[in-house]
Amino acid sequence: MPPADTGELRIYRAEPAAARLARGFVRECLTACGRTDLIEDAEEVICELATNAMRHGAPKGGYFAVRFERHRQGCVFDVIDRCPRVMPTLRDADDLDEGGRGLLLVEALTASWGYFRRPLKDHRVFVKVVRVAFV
């Protein structure tokens, strides 16, 4: 179940600089809450998920968001886009494939990860949320 709408949220235009900006947001959040030990892994994961959101979830010129929340056991980041029909799937990438390994990285660097659809306030429009947890 998604946590309440608390924490820090940043919205990004789906353009090449957005992944770098999202990495900076990760560093800012984890530094502020004293979890600098998580920065390297979290930056890699959020950069991968931001890239996926831009490539598969945000229409050209669209937006995606990154949300951070601190919990007793660790930290949670959500990457949110407006394409709830396209859910992330792990796949076995061939040695010659240029892509397809990003979610393996996410799985390896996080304590847990998952995804779900979530309605916006009017309950007629849904977003996709990819959630990752670090402990």
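**Close-up views of the predicted model**

**View A. The sulfur of Cys-75 has its closest cysteine sulfur in Cys-33, 4.1 Å away, which is too far for a bond.** A disulfide here needs two cysteine sulfur atoms within 2.5 Å, and the structure holds zero of them. Cys-75 is buried, at 1% relative accessible area; Cys-47 is buried too, at 19%. (Buried means under 20% relative accessible area, exposed means over 50%, and partly exposed is in between, using a 1.4 Å probe and protein chains only.) This is a predicted model, so local features need pLDDT of at least 70 and side-chain atom pairs count only at pLDDT 80 or more, while totals for chains, interfaces and linings use all residues. Residues are numbered from 1 along each chain as its sequence is written, and side-chain values use heavy atoms, with hydrogens and water left out.

**View B. Strand β2 (residues 63–70) pairs with β1 and with β3.** Strands are DSSP runs of E, at least two residues long, and helices are runs of H or I, at least four, with numbering from the N terminus. Two strands pair if DSSP finds at least two bridges between them. Strand β1 (residues 8–13) meets β2 in the antiparallel sense over six bridges, and β2 with β3 is also antiparallel, over six bridges. The hairpin from β2 to β3 runs through four residues. As for cover, six of the eight residues in β2 are buried.

**View C. Phe-77, in strand β3, is buried at 0% relative accessibility.** What does Phe-77 touch, once residues up to four places away in sequence are set aside? Its contacts (heavy atoms within 4.5 Å) include Val-26, Leu-30, Ala-42, Ile-46, Val-66 and Val-132.

**View D. Four aromatic pairs turn up in the structure.** Rings of Phe, Tyr and Trp (its six-membered ring) pair if their centres lie within 6.5 Å; planes under 30 degrees apart are stacked, over 60 edge-to-face, and the rest tilted. Phe-77 and Phe-134 have ring centres 6.3 Å apart and planes at 80°, so they go down as edge-to-face. Since Phe-77 lies in β3 (residues 75–81) and Phe-134 in β5, this pair ties together parts that are 57 residues apart in sequence. Phe-77 and Phe-134 are buried. Trp-113 and Tyr-115 have centres 6.3 Å apart too, but with planes at 40° that pair is tilted. Both are partly exposed: Trp-113 at 21%, Tyr-115 at 38%. Phe-68, Phe-77 and Phe-134 make up one aromatic cluster.

**View E. Arg-117 sits over the face of Phe-126.** It lies 4.2 Å from the ring centre. To count, NZ of Lys or CZ of Arg must be within 6 Å of the ring centre and within 35 degrees of the ring normal.

**View F. Helix α3 (residues 102–109) has Gly-102, Leu-103 and Val-106 buried.** Why do the buried residues of α3 line one face of the helix? Seen down the axis, they fall within an arc of 95°, an arc taken from the directions from the helix axis to the C-beta atoms. An α-helix has 3.6 residues a turn, so residues three or four places apart point the same way. The cover over the buried residues of α3 includes α2 (39–57), β4 (112–119) and β5 (126–134).
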